[in-house]
Amino acid sequence: MESCTTSSLRSFCVTLKPPVVLNTSVGVFSSTHSCWWRRRKRASFHVSAISYKKFIGFALNEAKRQTHLVPSPLQEQFNSMISMDGKAELQMLSFQAPKIRLLRSMSIETEVMQVLDFAIFPESEFDVPIFCANCFSTSSTNIVVLDLNPLHDVISRRDYKDRYYKSLMPLGLKYAELLPWGGKLTSESLKFFSPIVLWTRFSPSQDRFDILYSAFMDYYKAWFELIKPAVGETDASQIMSNREAQHRYLTWRAEKDPGHGMLTKLIGERSSKELLRNFLFNGINELGSRTFLDYFPEYRCEDGTINEKRSIIGKSFENRPWDTRGEFIETQNLKNAARTETKRPEERSDLTTKNRNPRKNRMKNTMELRRRCLRRS
């Protein structure tokens with residue numbers, strides 16, 4: 001990675017640390033201890049072999065190539081934190097640039113896990129999506145969300161979806177094949193994802209990690225290709241709409257982010273809330289005054305507190321809910337159902353009959369014939 005030349009940026013450069021190396025001088029162990037050590041050694045190898053500093057290094061270098069980065073005022077307050085047990089260090093970086101309100105990253109590296117939380121938030125004059133990369137790795141699994149989170153609803157706003165995602169569908173489909181859908185995703189969370197989202201889980205593998213790094217680079221470059229030609233909005237109502245949309249997104253993430261529990265275990269409840277609201281999802285206090293329950297009243301408990309459940313609706317998507325054109329599959333099903341309802345009664349009857357089980361149809365017809373015969377007799 002290139003070095004920084006000015007003193008103001010030197011402290012914000014990413015230092016690529018070598019993987020943690022454990023002392024392999026084992027000594028004399030019983031067979032049970034030997035097996036435990038081999039398992040621990042394999043686990044440590046997998047975790048230490050994966051470092052998200054590589055991702056951050058690429059991101060900063062690419063951003064410097066694309067725009068003029070300067071340190072964010074947040075950098076002075078949020079740069080590093082040590083966990084309560086002293087075994088983990090949280091490293092934070094934050095910058096701003098023309099058209100970019102905040103570019104920030106948080107990384108955590110320990111002997112048992114690696115974490116990356118990277119995001120870019122545009123200024124309110126732009127409705128460009130939010131770049132989002134959340135990666136969590138242990139010796140047994142990798143959990144990843146990589147997306148250009150839409151600022152506005154891509155299900156109801158076709159104009160917005162086509163403007164920002166239509167040309168990116170081949171990119172999304174390419175990596176969706178290589179990094180399959182990670183399982184159930186709640187319908188509430190889905191509102192903040194795009195048709196090209198990569199939500200995946202996979203076992204540790206250097207090949208998969210390389211694919212993930214490639215996806216990160218391609219999605220990151222794609223985001224800059226969207227922001228570069230973007231022209232700042234001058235209409236006050238549209239700027240307010242963008243600001244409110246970003247504030248709603250930040251409010252949801254700060255309250256329902258799945259990493260909240262992990263941060264609480266590392267640095268305590270008070271520090272984790274401060275980190276979430278003032279750094280990771282900075283803008284909650286600056287971009288608007290509405291609360292979580294103002295945006296999401298369905299989460300209100302009888303005593304006025306926020307329901308801690310991730311999902312109130314209870315609906316989740318086991319498989320990717322968009323087709324290859326980026327159309328939301330459930331919306332397509334509803335449209336098809338609506339078309340069926342608008343058909344003439346005889347057409348609906350024919351369509352329904354065709355979709356029925358032929359065996360059941362035969363049984364029903366036979367029973368109806370018998371009843372008619374009995375009435376005649």
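1. Contact, as the word is used in these notes, means heavy atoms within 4.5 Å. The model is predicted, so that local features need pLDDT of at least 70 and side-chain atom pairs count only at pLDDT 80 or more, while totals for chains, interfaces and linings use all residues. Residues are numbered from 1 along each chain as its sequence is written, and side-chain values use heavy atoms, with hydrogens and water left out.

2. Serine 72 sits in the loop between β1 (70-71) and α4 (74-77), where helices (H or I, at least four residues) and strands (E, at least two) are DSSP runs numbered from the N terminus. With a relative accessibility of 7%, serine 72 counts as buried; buried means under 20% relative accessible area, exposed over 50%, and partly exposed in between (1.4 Å probe, protein chains only). Once its neighbours within four places in sequence are left aside, serine 72 is in contact with Ser94, Phe95, Gln96 and Leu102.

3. As for the chain overall, there are 15 helices and 10 strands, and 44% of its 377 residues count as buried. Of the contacts in the chain with a separation of 6 or more, 65% are between residues 24 or more positions apart.

4. Helix α3 (residues 53-66) packs with α8 at an angle of about 20°, their axes being 11 Å apart; axes are lines fitted to C-alpha atoms, for helices over the stretch in contact, and angles run from 0 to 180 degrees between N-to-C directions. The angle makes α3 roughly parallel to α8, given that angles under 35 degrees count as roughly parallel, over 145 as roughly antiparallel, 65 to 115 as roughly perpendicular and the rest as oblique. The residues of this contact of α3 with α8 divide into 11 nonpolar, one polar and three charged, where Ala, Val, Leu, Ile, Met, Phe, Trp, Tyr, Cys and Pro count as nonpolar, Asp, Glu, Lys and Arg as charged, and the others, Gly among them, as polar. Among the residues that meet are Phe55 and Phe58 in α3, with Phe209 and Leu212 included on the α8 side.

5. Helix α6 (residues 169-178) also packs with helix α8 (residues 206-227), here at an angle of about 165° and with the axes 11 Å apart. That angle makes α6 roughly antiparallel to α8. By class, the contact of α6 with α8 holds seven nonpolar, two polar and three charged residues, with Leu171 and Tyr175 among those in α6, and Ile211 and Ala215 among those in α8.

6. Valine 197 is placed in the loop between α7 and β9 (198-202), and it is buried, its relative accessible area being 0%. Although valine 197 and leucine 146 are 51 residues apart along the chain, their C-alpha atoms are separated by 6.0 Å. Apart from neighbours within four places in sequence, valine 197 is in contact with Val145, Leu146, Asp147, Trp181, Arg320 and Trp322.

7. Serine 187, which lies in helix α7 (residues 187-190), is buried at a relative accessible area of 13%. With neighbours within four places in sequence set aside, serine 187 is in contact with Ile313, Lys315 and Phe317.

8. Most residues other than glycine have a negative phi. Lysine 99 lies in the loop between β3 (89-97) and β4 (100-109) and, at 25% relative accessibility, counts as partly exposed.
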